[in-house]
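This briefing covers one protein chain and the ligand placed with it. Please look over the sequence and the structure before reading on.

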Amino acid sequence: MPAPWLTGGEIEMTTPPADRAAQPAFPTTTPAVSAPNGAAAARAVGATKVYGSGETAVRALDEVTVEFPGGRFTTIMGPSGSGKSTLLHCVAGLDTLTSGRVWIGEVELGALSDKQLTVLRRERVGFVFQSYNLLPTLTALENITLPLALSGAKPDRGWLDGVIDAVGLRDRLSHRPAELSGGQQQRVAMARALASRPRLIFADEPTGNLDSRAGAELLDFLRRAVGELGQTIVMVTHDPVAAGYADTALFLADGRIVDWMDKPTSQRVLDRIKALGE
Ligand SMILES: Nc1ncnc2c1ncn2[C@@H]1O[C@H](COP(=O)(O)OP(=O)(O)OP(=O)(O)O)[C@@H](O)[C@H]1O
Ligand SMILES: [Mg+2]
């Protein structure tokens with residue numbers, strides 16, 4: 001039987017624990033937008049990325065074939081330098097492959113012009129960078145709503161309010177990045193990715209600078225976005241606790257997917273990481 005992350009059809013939805021399910025529904029008026037359950041929200045076939053050339057060449061991705069099913073929460077784990085950020089950037093269309101192919105929904109990214117790619121990304125993809133990439137001269141709120149302003153879209157106020165509360169930034173909206181802590185900047189970056197309510201969210205270690213309570217609030221929000229709105233999330237993390245919120249965990253090493261786990265728990269993830277390291 002093919003692995004679930006290749007077919008997308010084998011993974012059962014994880015039912016959120018009762019305490020999470022009991023939380024109020026999202027304050028939103030518009031219907032959920034998502035790929036149908038099981039259909040790939042994004043996928044890569046034979047994805048290879050080589051940085052540099054000759055003796056200094058680095059094979060950051062080595063023939064990765066992977067599928068991120070719609071309406072699911074997938075986490076990518078692996079040692080530093082194993083290619084996690086590279087995979088995320090290439091599947092999100094922020095970087096190009098050396099060889100191989102990538103699709104978002106049914107659209108193959110390699111077939112698009114730069115302009116078409118920009119529009120697709122703006123309309124469908126939210127990306128949380130490992131390094132935040134906030135604009136220093138804008139306030140937190142201006143950073144959060146910048147992609148909406150650029151695309152001329154009207155913010156869904158209810159959704160935006162829900163996002164701002166979920167990341168706990170209500171009292172920091174007029175601060176500039178330099179006036180915010182690392183964790184607060186990380187939450188601004190998260191809110192910016194979520195603001196336009198994209199159907200596909202890529203997040204590169206979004207809880208890396210958060211204390212455990214702020215991290216849990218953010219992960220709860222992501223979990224609910226998947227469970228209640230059918231959004232698709234692909235999250236890189238080093239944290240087995242964060243990985244426990246996902247439906248599936250993939251493990252990368254040296255640019256290859258070396259293992260995967262359905263319905264991960266933090267303990268099982270920890271055990272697997274230890275086993276892979278031996
Ligand atoms: N622009 C670049 N030029 C050259 N090499 C690069 C570049 N970006 C990444 N690499 C190399 O590619 C490999 C994969 O990097 P990547 O950033 O994807 O790792 P990662 O798994 O996200 O690591 P971390 O957990 O530290 O964030 C590393 O060996 C890295 O040094
Ligand atoms: Mg990285």
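The notes below go from the overall model to its sheets, core and ligand shell.

The model is predicted, with an average pLDDT of 86 over the protein. It contains ten helices and ten strands. Of its 278 residues, 42% are buried.

**Confidence and overall build**

- A pLDDT of at least 70 is reached by 86% of the residues.
- Among contacts with a separation of 6 or more, 71% are between residues 24 or more positions apart.

**The open sheet**

- An open sheet is built from four strands in the order β2-β1-β4-β5, and their pairing is antiparallel.
- Its edge strands are β2 and β5 (107–108), each of which pairs on one side only.
- Strand β1 (residues 40–51) and strand β4 (residues 99–104) run antiparallel and are joined by five bridges.
- Within that pairing, Val45 has Arg101 of β4 as its bridge partner.

- Glu67 counts as buried because 22 other C-beta atoms lie within 10 Å, and the cut-off for a buried residue is 20 or more.
- Trp103 is 36 residues away from Glu67 along the chain, and the C-alpha atoms of the two are separated by 9.4 Å.

**Strand β9 and its partners**

- Strand β9 (residues 248–253) runs antiparallel to strand β10 (residues 256–262), and six bridges join them.
- Two of the residue pairs can be named: Phe251 is partnered by Asp259 of β10, and Ala249 is partnered by Met261 of β10.
- β9 and β10 make a hairpin with two residues between them. Asp254, in the turn, has a positive phi of about 50 degrees.
- Strand β3 (residues 73–77) also pairs with β9, here in parallel, through four bridges. In this pairing Thr74 stands opposite Thr248 of β9.
- β9 is mostly covered, with five of its six residues buried.

**The largest nonpolar core**

- Which residues touch the most other members of the largest nonpolar core?
- They are Met190, Ala191 and Ile233, in a core of 67 residues.
- Helix α7 (residues 182–195) gives the most to this core, contributing seven residues.
- Leaving aside residues up to four places away in sequence, Met190 touches Val128, Val167, Ala203, Pro206 and Leu218.

**The shell around ligand 1**

- Ligand 1 is surrounded by 13 residues, of which the closest are Tyr51, Ala60, Ser80, Ser85 and Thr86.
- Two elements give two or more residues to this shell: β2 (58–69) and α3 (84–91).
- α3 gives the most to the shell, with three residues.
- By residue class, the shell around ligand 1 holds nine polar, three nonpolar and one charged.

Conventions: Residues are numbered from 1 along each chain as its sequence is written. Chains are lettered from A and ligands numbered from 1 in the order in which they are written. This is a predicted model: local features need pLDDT of at least 70, side-chain atom pairs count only at pLDDT 80 or more; totals for chains, interfaces and linings use all residues. A residue is near a molecule or strand if its C-beta atom, placed from the backbone, lies within 6 Å of it. Ala, Val, Leu, Ile, Met, Phe, Trp, Tyr, Cys and Pro count as nonpolar, Asp, Glu, Lys and Arg as charged, and the others, Gly among them, as polar. Two strands pair if DSSP finds at least two bridges between them. A residue is buried if 20 or more other C-beta atoms lie within 10 Å of its own, exposed if 12 or fewer, and partly exposed in between; C-beta atoms are placed from the backbone. Two residues are in contact if their C-beta atoms, placed from the backbone, lie within 7 Å. pLDDT is the predictor's confidence in each residue, from 0 to 100. A nonpolar core is a set of buried Ala, Val, Leu, Ile, Met, Phe, Trp, Tyr and Cys residues joined through C-beta atoms within 7 Å.
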